[in-house]
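Open the model in your viewer and follow the stops below in order.

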Amino acid sequence: MNGNTNGTNIFADKATIILRKMLSNPEKKWVTRDFTGDNGVSLGMAQGALETMEKKGYIERVKRDPDSYALLTNKDELVKDWLAEYKFELNETEVYYSPDKNILSKIKDYLKDKPYALTLHSGANLITSFVVTDQVYLYLKPDNWEKEILDLRQQLDLKELVRGGNIHIIRPAYKNSVFCGARTIKGYKVVSDLQLYLDLFNFKPRGREHAEYLKKYLEEKGKSLYES
C-alpha cells in the first residue's frame, strides 16, 4: 500500500488510525495531538500523515499558531483512494471446516474474552441479512497465534481440509487499527462499518454488491458509513 507522496504512507496500518478518526467525525477541527497518546500514533507520524493528506487534497490546513487545525474536506476521494490500495487478501487467513450449524454461536462463546471481530459477509449480515452464506470470517489477535489457534481448533473441533472450508481465521494486516470502532451486534463483536466496507469492496463473491448495499442501508437509516 503506497498512499504517500514522497512521505508518510497514510494507508499503512498505524497511519490509518488517523484516517479512521477523521472520517468518524468529519466536521471536527483536528490538531496533531488528537492523534497521539494511548492507542494513537507518534507525533512525527501524525505530522507526516497530515502533510501527505494535504498534498493529496483530502484535507485543508488552517495555520493560525497556536490555533492551527486541519479539516477533512474530501472524504469521498480519500475513501476511493483507500479502496484502490487495500485488498482483503493482504491479510493472512487460515481456513478450517465445521459441519456444526451452530458453530458461529460456539465461536462467540469461546472467544468472548479475546480480541476478535467478525468481518465480510458474516459481519455485515448482522446488519443487513443480505447474503446467505455458511462462511465465517473473523479477525483474531491472540498473544500466541499457534497456541491459541490450536486451542480454538481443539475446543470447537475444527477440521483442516486439503481444500474448502467454512471457518476463516484472519491474522490482520492492520494489526493495530483493524479493531478501531469495533462494536457488539446481536452479541457478536463486529469490525466497524468502514472496515466492513473496505474488506467487502474488492472481495469475491458478492463483496462489492454487499458493500454498496451496506452503505445504502446505513444512509437510509440516517447513519454515515464512517461513523464510529
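**First stop: the pocket**

The largest pocket holds about 320 Å³ of space. A pocket here is an open set of points on a 1 Å grid over the protein atoms alone, where a 1.4 Å probe fits, with protein on both sides within 12 Å along at least five of seven lines. Its volume is the space filled by probe spheres set on the points, which are joined across faces, edges and corners.

This is a predicted model: local features need pLDDT of at least 70, side-chain atom pairs need 80 or more, and totals for chains, interfaces and linings use all residues. Residues are numbered from 1 along each chain as its sequence is written, and side-chain values use heavy atoms, without hydrogens or water.

Select K101, T133, D134, Q135 and V136: of the 17 residues lining the largest pocket, these lie nearest its centre. Lining residues have an atom within 4 Å of a point. Now colour α4 (103–110) and α5 (120–128), the elements that give two or more residues to this lining. Helices are DSSP runs of H or I, at least four residues, numbered from the N terminus.

**Next stop: T128**

Stay on helix α5 and pick T128. T128 is buried, at 9% relative accessible area; buried means under 20%, with a 1.4 Å probe and protein chains only. Show side chains: a polar contact of 2.7 Å joins T128 and H210. Such a contact is a pair of N or O atoms within 3.5 Å, one able to donate a hydrogen and the other to accept it; residues adjacent in sequence count only if both atoms are side-chain atoms.

**Last stop: zoom out**

The C-alpha atoms fill a box of roughly 60 × 40 × 30 Å along the principal axes. Of the 228 residues, 43% count as buried.

Conventions:
Buried < 20%, exposed > 50% of the residue type's maximum accessible area, 1.4 Å probe, protein only.
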